[in-house]
Amino acid sequence: MDRESSYAPTTASYESSSLSDAVSSSRLGNSDPSQASTATIRGDTMKKAVRTEKAPPPLPFFSQAIVCQGMVYCSGSIGMSPITKQMVDTGVGDRTAQALNNLSAVLQEAGSSLRNVVKVNIFLSDMTNFAAMNRVYDTFFEEPKPVRRHHLNPLSTM
């Protein structure tokens, strides 16, 4: 377990203009964690994959999220519509909202929510998109807001 997630009750990640893989984790809320879809045992640690149709499907080699020892670790979230399976193309703000809605759906399926997020990694293809992303991001999180880190992803295709 990395140092950040070992003491943080929750972590989360997403990217705004072109969201690539990011790690999110969220402490389970009052919901039943048995909502997770599959279980695998490795040693004495139980982990469960989380799967929801309310977020875009993951690529075949990873899960939308994993629940392990009371934490939810989410894969990166992108601004793709779970209905059309297409990227939202109406701007950075709309892609940010869709990415966070997708992340919220995965967390909800795992029995958690954006309220429990303590860390967010944001990947931007261009820092000129920061203000548009930030305006939308601010509407999704209550106080205390999660800590966050910004990454410039110049190789993005968005």
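How many aromatic pairs does a search of the whole structure find? The search finds two, where rings of Phe, Tyr and Trp (its six-membered ring) pair if their centres lie within 6.5 Å, and where planes under 30 degrees apart count as stacked, over 60 as edge-to-face and the rest as tilted.

Before I go through them, a word on the source: this is a predicted model, in which local features need pLDDT of at least 70 and side-chain atom pairs count only at pLDDT 80 or more, while totals for chains, interfaces and linings use all residues. Residues are numbered from 1 along each chain as its sequence is written, and side-chain values use heavy atoms, with hydrogens and water left out.

On accessibility, buried means under 20% relative accessible area, exposed over 50%, and partly exposed in between, with a 1.4 Å probe and protein chains only. Phenylalanine 61 is exposed at 65%, phenylalanine 62 is partly exposed at 28%, and both tyrosine 137 and phenylalanine 141 are buried.

Tyrosine 137 has a further contact, since the charged end of arginine 148 sits over its ring, 4.3 Å from the centre; the criterion is NZ of Lys or CZ of Arg within 6 Å of the ring centre and within 35 degrees of the ring normal.

Let me turn to the surrounding fold, with helices (H or I, at least four residues) and strands (E, at least two) taken as DSSP runs numbered from the N terminus. Strand E6, residues 119–124, runs parallel to strand E7, residues 147–152, and six bridges join them, where pairing requires at least two DSSP bridges. Together with helix H3, residues 130–140, these strands make a right-handed β-α-β unit, meaning that, with the strands pointing away from the viewer, the path from the first strand over the helix to the second runs clockwise.

Finally, there are three salt bridges, each a side-chain nitrogen of Lys or Arg within 4 Å of a carboxyl oxygen of Asp or Glu. Among them, arginine 115 and glutamate 142 approach to 3.2 Å between the closest N and O atoms, and this pair links distant parts of the chain, 27 residues apart, from the loop between H2 (92–109) and E6 to the loop between H3 and E7. Lysine 145 and aspartate 138 meet at 2.9 Å, N to O.
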